[in-house]
Amino acid sequence: MSASSRGGQAQGLLSGTGRRMAWTAAAGVTAAALVARRQRQAVPTPAQLRAAALEVLEAALPQKRAFDVQLWDGTVLPATSPPTRARLVLNSEHSLGRMLGLPLDLALGEAYLRGDFEIAGDVSVIAGLTEAFDTPLTAGRLARLLGDVQLLRRSAGPAPHPVTAQLHGERHTRERDREAVTHHYDVSNDFYRLWLDRRMVYSCGYFPTGAETLDQAQEAKLEHICRKLRLREGERLLDIGCGWGGLALYAAGHYGVEVLGVTLSEAQLREGRARVEAAGLGHLVRLELRDYRDVLASGEGTFDKISSVGMAEHVGRRNMPGYFRAAYAALKPGGLMMNHAIAAGTRRTNLPAWLGTLYSGNFNQKYVFPDGELLPLWETLQHASAAHFEVRDVENLREHYARTVAAWSRNLEAHADEARALVGEERLRLWRLYLAACVTYFAGGHLAIFQSLLAKPDGVGRAGVPLSRGDVYR
């Protein structure tokens with residue numbers, strides 16, 4: 001082949017390659033243009049976001065509600081069951097999409113902590129929103145709703161996560177339990193002082209007439225426990241999870257018993273010891289920073305009575321057998337133990353089964369009570385019985401706790417500015433939501449609280465309780 005022929009062939013090859021390259025480039029530009037066009041079309045307009053939000057809210061909101069909902073553009077969906085007690089305000093077009101993330105309980109809680117929406121008025125009216133789900137959904141409407149939800153979520157964009165509890169190691173070890181207690185209780189003594197009673201009793205109050213103030217109800221609860229334990233002067237009482245010393249001080253001051261109180265919270269210990277000194281009861285009350293397992297296994301002597309108020313929730317299911325075995329061993333024959341603890345309630349959510357699966361139940365675990373576990377009453381009593389305790393009395397104080405947390409919630413709202421200065425906006429939001437939700441869950445039966453009186457009968461079967469409860473309710 002001549003040189004000129006080889007050159008012409010090469011030129012032809014180059015020309016074909018060039019044409020193919022040009023076509024590929026043109027196709028790429030066209031494809032890019034189509035993608036860009038689709039992306040532009042995928043970005044919802046304000047009108048589309050508003051329409052989608054209204055459709056979702058119409059389906060998700062309870063048909064009878066005592067609160068308004070206000071959209072970011074000022075549109076208001078009025079309450080349907082006056083009087084209006086609260087208003088939920090979506091702060092931007094991104095709010096609802098972020099609230100509809102998965103799992104739903106975390107998305108809703110984190111959206112509030114982050115400030116995606118506000119709650120004006122009675123927070124408890126809205127805190128139990130998901131439990132009031134009552135809208136029937138056909139297959140066709142469900143399909144449309146899922147499309148609207150996807151539209152809102154896609155437009156919401158990424159959102160930062162609030163700060164969660166940072167715990168280390170295996171659950172319910174001594175070290176991790178101390179971290180969990182520190183996360184919840186060592187927030188600030190001054191913060192708790194804003195909304196608890198004057199004794200700083202952080203557990204269910206007792207409202208025998210329903211007309212008691214919070215201070216009166218907490219004093220009545222302390223008296224109620226002391227009577228159930230049949231405390232007598234000179235006895236030794238172990239108070240597991242003594243908090244700020246409210247029960248220890250009351251038992252020593254009113255019944256003359258010697259009390260050892262233990263807590264894992266350094267902040268509680270400081271405050272509690274200061275209160276013991278101020279009351280002049282240092283000769284009867286000793287508060288220590290100790291794990292209950294160390295006390296019960298120390299062999300430093302046995303106790304006539306044991307109280308555990310708001311403590312068993314932190315023990316954990318796997319440790320419950322050991323908890324009761326150790327308490328049984330620490331009691332003298334004929335001794336009594338009061339186990340006062342929140343339990344899972346009997347009422348179930350109104351959410352349809354398919355929607356309930358989208359809940360993790362982990363908001364409380366991540367932000368409020370890390371590693372907390374609520375057992376049903378039957379399981380708790382089963383563990384107690386397996387440790388040879390005799391169950392002598394059980395009282396459900398569910399309605400009393402609903403009143404208690406309602407009072408706490410009102411106090412926190414009344415001191416919101418002071419609380420914000422002490423713990424910051426995010427922590428204040430967390431506690432507003434937590435307390436308000438507890439009002440709904442205790443009032444509605446989703447949560448319960450039981451005082452279980454347990455006895456260690458002596459060698460001839462005597463259990464240290466009279467034939468009648470009359471001495472308790474006199």
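The exercises below, each with a worked solution, concern one predicted model.

Residues are numbered from 1 along each chain as its sequence is written. Local features need pLDDT of at least 70 and side-chain atom pairs pLDDT 80 or more, while totals for chains, interfaces and linings use all residues, and side-chain values use heavy atoms, without hydrogens and water.

**Exercise 1. The chain as a whole**

Task: State how many helices and strands the chain has, and what share of its residues is buried.

Solution. Step 1: the secondary structure amounts to 19 helices and eleven strands. Helices (H or I, at least four residues) and strands (E, at least two) are DSSP runs, numbered from the N terminus. Step 2: 51% of the 474 residues count as buried. Buried means under 20% relative accessible area, exposed over 50%, and partly exposed in between (1.4 Å probe, protein chains only). Step 3: of the contacts (heavy atoms within 4.5 Å) between residues at least 6 apart in sequence, 74% join residues at least 24 apart.

**Exercise 2. The two sides of α18**

Task: Find which residues of α18 are buried and which exposed residues lie on the face turned away from them.

Solution. Step 1: α18 spans residues 416-423, and its buried residues are A416, A419 and V423. Step 2: these residues lie on the same side of α18, because they cover an arc of only 60 degrees around the axis; the arc is that of the directions from the helix axis to the C-beta atoms. Step 3: D417 and A421 are exposed on the face turned away from the buried side. Step 4: the packing partners of the buried residues are α8 (189-195), α17 (398-414) and α19 (425-444). Step 5: after α18 comes G424, with a positive phi near 90 degrees.

**Exercise 3. α18 against α19**

Task: Describe how α18 and α19 pack, by angle and axis distance, and list the residues that meet.

Solution. Step 1: the packing angle is about 125 degrees and the axes are 7 Å apart. Axes are lines fitted to C-alpha atoms, for helices over the stretch in contact, and angles run from 0 to 180 degrees between N-to-C directions. Step 2: the two helices are therefore oblique to each other, given that angles under 35 degrees count as roughly parallel, over 145 as roughly antiparallel, 65 to 115 as roughly perpendicular and the rest as oblique. Step 3: A416, A419, R420 and V423 of α18 meet E425, R427 and L428 of α19. Step 4: by class, this contact has four nonpolar, no polar and three charged residues. Here Ala, Val, Leu, Ile, Met, Phe, Trp, Tyr, Cys and Pro are nonpolar, Asp, Glu, Lys and Arg charged, and the others, Gly among them, polar.

**Exercise 4. R432**

Task: Locate R432 and decide whether R432 is buried or exposed.

Solution. Step 1: R432 sits in helix α19. Step 2: its relative accessible area is 13%, so R432 is buried. Step 3: leaving out residues up to four places away in sequence, R432 touches Y112, I119, V123, L412 and E413. Step 4: S124 is 308 residues from R432 in sequence, yet the C-alpha to C-alpha distance is 8.9 Å.

**Exercise 5. Backbone in the loops**

Task: Say where R230 and H388 lie, and what their phi values are.

Solution. Step 1: R230, in the loop between α9 (214-228) and β5 (236-240), is not a glycine but has a positive phi of about 50 degrees. Step 2: H388, in the loop between α16 (377-386) and β10 (390-396), has a phi near 85 degrees. Step 3: R230 counts as buried at 11% relative accessibility, whereas H388 is exposed at 58%.
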